[in-house]
Amino acid sequence: MKNNSIFKVIKEPLSKNIGLFILVSAALLMETGISLFIPNILSRVIDNLENKTEKWLFACTLFFCFIVIMKGVIGICNTYLREKLGWYLCDCLRENMFRRIFSFSMKQHKSVRMEEFLERLEGDVNILVGFFSSMFIDIAESLLMVAGILVVFYTKSAVLGSAFTGLSAGILLLFVLTRNAISALWKEVREKETEVLGEFSQDIAAWQDVVGVGREQYILERFAEKFEILKRKQVKASFSGNIPATIFYSMLNVGEGIVLVTGVCLMSRGSMTLGGLYLILSYVGMLNIPFASLKYEFAELPQVLSAVGRIGDIYKWPCETGKGGSRVWDNDDGSVVFEQVSFGYNPGNTVLDKVSFRAESGEHILIEGRTGSGKSTILQLIAGLYTADEGSVKVGGYAPEDYTADSYYRGISYILQSNPILEDTIRNNVSRYQDTYTDQEILAALKKVHLDRWAEESEKGLSTVINRGDISLDTAQLLAWAAVLLVRPKVLLVDEFDGNIQDAAIRIIDRVICRELTGTTIIMVTHEPEIAAYAKRQIVIRDGVISSDSAQLEKR
């Protein structure tokens, strides 16, 4: 995926839906034009009161009401259209960000907390929804309104036009000079929010441990301190953001005085009619609307710029496009070979040190060792989640990166200790969105792990939507094994499946391995070597080095 900026990402969907953008622009121009036209109607009525009949006045009143109603209708349509445009653009941005996040390397995912991704996908993008659907349009409308009023002022008096042109230029210059500093303050606020909420969510997830050791008061005090820091940053950013807005709003009040004095002088000289005076005073009053809007929008704009910067960071992070090779894994070779493999997650931190072993096709191997010894790292290297720093890893005779992603992940399956459950149907949790399997095949796989009756008796059968809270750990683990039985991979990687489930589920999985997966290469890690006594071979790893590679283990 190209390292595109946020604006290039938005440009593509905007070009595909340019008609909606044109409708929003047309509605904006019509609404602004009508707003500028309304005072002219009343100005002409005032100047012609003595020369026109009551019927003429009544007709002008009806026309005025019609214009006002039309302005309201156009305003409603404009609100609908710009909300639709804002959500459309931001939904496209979310989708693009999801795609990019999925393309990050495993190291990148480990270096960034999940809360940071969620904060950008929801918090920052939601700010941009407001920008594209409201703030951007309001700023454009306000600037159009100011430009139109300046034109009117120039037609009435060069002094008025010059004074308000200078005022407007000063306001914009003030914003330009202060926006970077204020944006930086809001970025600090957003990052502190992410940090605090991320820690808070972790403590909530570990509430049993917190209560068990009596650390509730410590947690409360710690978060009171962190929220106090967050509050100070928020107050500082809000205060700083309102300083330029307050300054230019005060400048507007000075401009009102200039208009009033100039208008009175022109009337006294006979250069301006009563209707003309009403007109410029009306426009001065109207200036409160765009400038008040600009005051608010400019105060909020640093948050938008901060959100843009934080989202832009995602497009600066390096990403991977998956397996870059062209080889298709179309044979039955399920061998796995490690040759002098060394690897560390961070520079200077070696997890595996010159590890070498070979697993033949169909061989069942148990890798045993303490936590942190490198067991799971071996599986992750085989799965292609990481690349060895030194040495080589070959699966089916070639390195994982030599294969196309599709063929490689059809040939290999990975079962974790806690099987992730998709909030989707039972069918999709087993088939993993592969539509090549029939319901009968899915039910047959479920039957082998004793879940066929559970699936059939569910509310909508295989179409029943499940989530993590609906099912037990045993069922979640058995669903993973049902998916393996459906796919029939060449290589199966198993990371401590027995850690959280009951003996009955373990016995079912034992039978699946012994009876159904005899031709599949299985590499399994565990703390408990007696759990997998059906393995043909045991490799013991300590501190990143293979300490023993035994012969067959005794069967149960």
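Predicted model: local features only at pLDDT ≥ 70, side-chain atom pairs only at ≥ 80, totals over all residues.
Helix α2, residues 18–47, gives the patch its largest share, 3 residues. F136, for its part, sits in helix α5, which runs over residues 114–156. Is F136 buried, exposed or partly exposed? It counts as partly exposed, because its relative accessibility is 39% and that class lies between 20% and 50%.

Now let's move to another phenylalanine, F64. You'll find F64 in helix α3, residues 54–102. With 23% relative accessibility, F64 also comes out as partly exposed. So which residues does F64 touch, if we skip those up to four places away in sequence? The answer is I38, I41 and L42. Take I38: F64 and I38 are 26 residues apart in sequence, yet their C-alpha atoms are 7.3 Å apart in space.

The largest nonpolar core has 37 residues, and L446, V449 and W481 have the most contacts inside it. Several elements supply at least two residues each, including α12 (426–431), α13 (439–448), β8 (491–495) and β9 (521–526). Which element gives the largest share of this core? That's α15, with 9 residues.

Have a look at W481 while you're there. Leaving out neighbours within four places in sequence, W481 is in contact with I415, V449, L492, V494, F497, I509, V512, I513 and L517. And apart from this core lies another one, of 33 residues, with C90, F117, I127 and I139 among them. As general background, nonpolar side chains in soluble globular proteins tend to be buried together.

How values were computed. Residues numbered from 1 in each chain as written. Heavy atoms only, no water. Helix = DSSP H or I, 4+ residues; strand = E, 2+ residues; numbered from the N terminus. Buried < 20%, exposed > 50% of the residue type's maximum accessible area, 1.4 Å probe, protein only. Contact = heavy atoms within 4.5 Å. Core = buried A, V, L, I, M, F, W, Y, C linked by side-chain atoms within 4.5 Å.
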